[in-house]
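These are my notebook entries on one structure. I list what I looked up, entry by entry.

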Amino acid sequence: MYVCLCRNVTEQQIRQAVNQGACTMRDLCTQTGACSRCGKCGPHAREVLQTSLEASSSTHSR
Ligand code: FES
């Protein structure tokens with residue numbers, strides 16, 4: 001499902017960005033381009049980021 005329509009960023013791409021080390025909205029914006037135009041996707045992108053971070057921290061239990 002698309003999160004950012006301006007830059008065609010999907011939830012899957014956000015999860016991949018998190019797997020590659022993104023942990024803030026700034027990282028996400030740099031890596032995927034999400035939220036770099038109109039900003040409407042911000043709240044949803046943040047939600048997917050949080051969920052992915054929680055999921056990845058429980059898989060790589062440190
Ligand atoms: S929908 Fe993401 S910047 Fe516009």
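Helices (H or I, at least four residues) and strands (E, at least two) are DSSP runs, numbered from the N terminus. I note that this is a predicted model, in which local features need pLDDT of at least 70 and side-chain atom pairs count only at pLDDT 80 or more, while totals for chains, interfaces and linings use all residues. Residues are numbered from 1 along each chain as its sequence is written.

**Entry 1. H1 against H3**

I looked up H1 and H3 first. Their axes lie 9 Å apart, and the packing angle is about 50°. I class angles under 35 degrees as roughly parallel, over 145 as roughly antiparallel, 65 to 115 as roughly perpendicular and the rest as oblique. H1 and H3 are therefore oblique to each other. The crossing of H1 past H3 is right-handed; a crossing is left-handed if the near helix is turned anticlockwise from the far one by less than a right angle, and right-handed if clockwise.

Which residues make the contact? From H1 I list Glu-11, Ile-14, Arg-15, Val-18 and Asn-19, and from H3 Ala-45, Val-48, Leu-49, Ser-52, Leu-53 and Ser-56. Contact here means that two C-beta atoms, placed from the backbone, lie within 7 Å. By class, I count six nonpolar, three polar and two charged residues in the contact of H1 with H3. The classes are as follows: Ala, Val, Leu, Ile, Met, Phe, Trp, Tyr, Cys and Pro count as nonpolar, Asp, Glu, Lys and Arg as charged, and the others, Gly among them, as polar.

**Entry 2. H1 against H2**

For H1 and H2, I find that the axes come within 10 Å and cross at roughly 110°. H1 and H2 are therefore roughly perpendicular to each other. H1 passes H2 with a right-handed crossing. On the H1 side the residues are Gln-13, Ile-14 and Ala-17, and they meet Asp-27, Leu-28, Gln-31 and Thr-32 of H2. The contact of H1 with H2 holds three nonpolar, three polar and one charged residues.

**Entry 3. The core**

Next I looked up the largest nonpolar core, which has 15 residues. A nonpolar core is a set of buried Ala, Val, Leu, Ile, Met, Phe, Trp, Tyr and Cys residues joined through C-beta atoms within 7 Å. Buried means that 20 or more other C-beta atoms lie within 10 Å of a residue's own, exposed means 12 or fewer, and partly exposed is in between, with C-beta atoms placed from the backbone. The members that touch the most others are Val-3, Cys-4, Ile-14, Leu-28, Ala-34, Cys-35 and Ala-45. At least two residues of this core come from each of strand S1 (2-4), helix H1 (11-19), helix H2 (25-32) and helix H3 (42-59).

Apart from neighbours within four places in sequence, Leu-28 is in contact with Ile-14, Ala-17, Ala-22, Ala-34, Cys-35, Ala-45 and Leu-49.

**Entry 4. Two cysteines**

Is Cys-35 buried or exposed? Cys-35 is buried, with 23 other C-beta atoms within 10 Å. I place Cys-35 in the loop between H2 and H3. Its phi is near 70°, a positive value in a residue other than glycine.

Cys-29 belongs to helix H2 and is buried, with 20 other C-beta atoms within 10 Å. Not counting residues up to four places away in sequence, Cys-29 touches Ala-34, Cys-35 and Ser-36. Cys-29 and Met-1 are 28 residues apart along the chain, and 18 Å separates their C-alpha atoms.

**Entry 5. Exposed positions**

Asn-8 sits in the loop between S1 and S2. I find a phi near 55° for Asn-8, again positive in a residue other than glycine. Asn-8 is exposed, with 12 other C-beta atoms within 10 Å.

Leu-5 is in the loop between S1 and strand S2 (9-10). Leu-5 is exposed, with 11 other C-beta atoms within 10 Å.

Thr-24 lies in the loop between H1 and H2 and is exposed, with 11 other C-beta atoms within 10 Å. From Thr-24 to Glu-47 I read 23 residues in sequence and 11 Å in space, C-alpha to C-alpha.

Conventions:
Axes fitted to C-alpha atoms, helices over the stretch in contact; angles between N-to-C directions.
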